[in-house]
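Please go through the structure below with the text beside it.

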Amino acid sequence: MSEIIFKDAKITRPEDNQVEQIKKIFPHISPVEKGDIVAVKIHPGEYGNTTHVRPVVVRTVVDLVIEAGGIPFVTDTTTLYRGMKLNAADLIKGAAMNGFTHASMNAPFIVADGLRGGQGREIQIDGEALSSITVASAVAEADSMIVISHSKGHPASGYGGAVKHLGMGCLDRAGKIRVHEVGKPSIDPEKCVQCGECVEVCPWGAITPPEIDHSKCCGELSCADACQQEAIIPPSDATDKMQNRLGEAALGPIKALRGRIGYINWVYDLTPGCDCFNFSGERFVEDIGILGGRDPVALDSATLDKINGQMKVRGSSIYNLWGVNPLIHIEAAEKIGCGNREYEITG
Ligand code: SF4
Ligand code: SF4
């Protein structure tokens, strides 16, 4: 049974604001020892997204790391899709445009997997789907880490929180490809009207409609989102397989840091889409609050229970957002040894 600290979004006093809540959570979750170089892992949001975690939340954690004697750096990794995170130069620029700068956070922003996502460290995980995974080098080489996740919906995993942040956000490009490659799609030639939209969005030059070169494709499926004709079709079991890989890959950063990781789930602005979307959709439930813990599986389980508790009132559940059951990746993470779904809420 893992301890989870919960601070409610429903507050009426300044002494209960998010800064003060994080200060109360931090001592329960901090892995920081004096002299540690500490990764503070965030997702600064795609440019155009306005519901990502706020810089002041990150600043609060950074200041607490410094107080604990650590040397913090704030970090994120490059993406497989085209946008403002495809390379380190664009990622640093995009993060600054969303308000994440040294001045706002009191720590430098470092891209963990290098200029083009090629810097990682191979970690043995011995999973059923993945025997090893590549973790972004600045994450793998840190002494300890605080993972700050915005909890929200996600089209591929149903929900994105701490486990997804480990099993995707902490990987280098090769690691992300290993998780995504089960999604390599094909084009239905009878539906394809040769509009070329998919060619525009594919960062890897894999598409010559109606053909997809699977030796170049990494399965991240931005082409399927772009196709108005619904002509791009991933394998029918892609979502389940991808979630299983995601859950297993979460063990990579945990092993690299020998478990010295604390987790904060910021459960505000719950949009159906993730912070990789370059827009923010309508919230599907009210703000819930902040949850923290040392066990990412327990933390996501507790967060999902809070979200589902609110959705149940309307006769719904997080499954209804995308028709995807997020427990697949949470259970895969539990099975490989990332944590335990049983939790006790305190605080
Ligand atoms: S976006 Fe769809 S319709 Fe257009 S070329 Fe690509 S597969 Fe064909
Ligand atoms: S073909 Fe589609 S899934 Fe493959 S890399 Fe290009 S955009 Fe991504």
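Predicted model: local features only at pLDDT ≥ 70, side-chain atom pairs only at ≥ 80, totals over all residues.

K7 has I290 as its bridge partner in strand β15. Strand β1, residues 2-8, pairs with β15 in the antiparallel sense, and five bridges connect the two. Strand β15 itself spans residues 289-293, and four of its five residues are buried, so the strand is mostly covered. β15 is also joined to strand β14, residues 261-267, again by five bridges and with an antiparallel run. In that pairing, I264 stands opposite G292 of β15.

On the α6 side the contact is made by A162, V163 and L166. On the α12 side P296, V297, L299 and D300 take part. By class, six of the residues in this contact are nonpolar, none is polar and one is charged.

The next region is the one around ligand 1. There are 14 residues around ligand 1, and those that come nearest are C192, C195, C198, P209 and C227. The shell divides into 10 nonpolar residues, three polar ones and one charged one.

The bond runs from P209 to P210, and its omega is near 5 degrees. P210 sits in the loop that links β11, residues 207-208, with β12, residues 211-212.

Two further loops hold residues with positive phi. Where does L221 lie? L221 is in the loop between β12 and α9, the latter covering residues 222-226. Its phi is near 70 degrees, a positive value in a residue other than glycine. L221 has 22 C-beta neighbours inside 10 Å and therefore counts as buried, the cut-off being 20 or more.

E230 belongs to the loop between α9 and β13, residues 232-233. E230 is not a glycine either, yet has a positive phi of about 50 degrees. Is E230 buried or exposed? E230 counts as exposed because 9 C-beta neighbours lie inside 10 Å, and a residue with 12 or fewer is placed in that class.

Notes: Residues numbered from 1 in each chain as written. Chains lettered and ligands numbered in written order. Contact = placed C-beta atoms within 7 Å. Nonpolar A, V, L, I, M, F, W, Y, C, P; charged D, E, K, R; others polar. Near = placed C-beta within 6 Å. Pairing = 2+ DSSP bridges.
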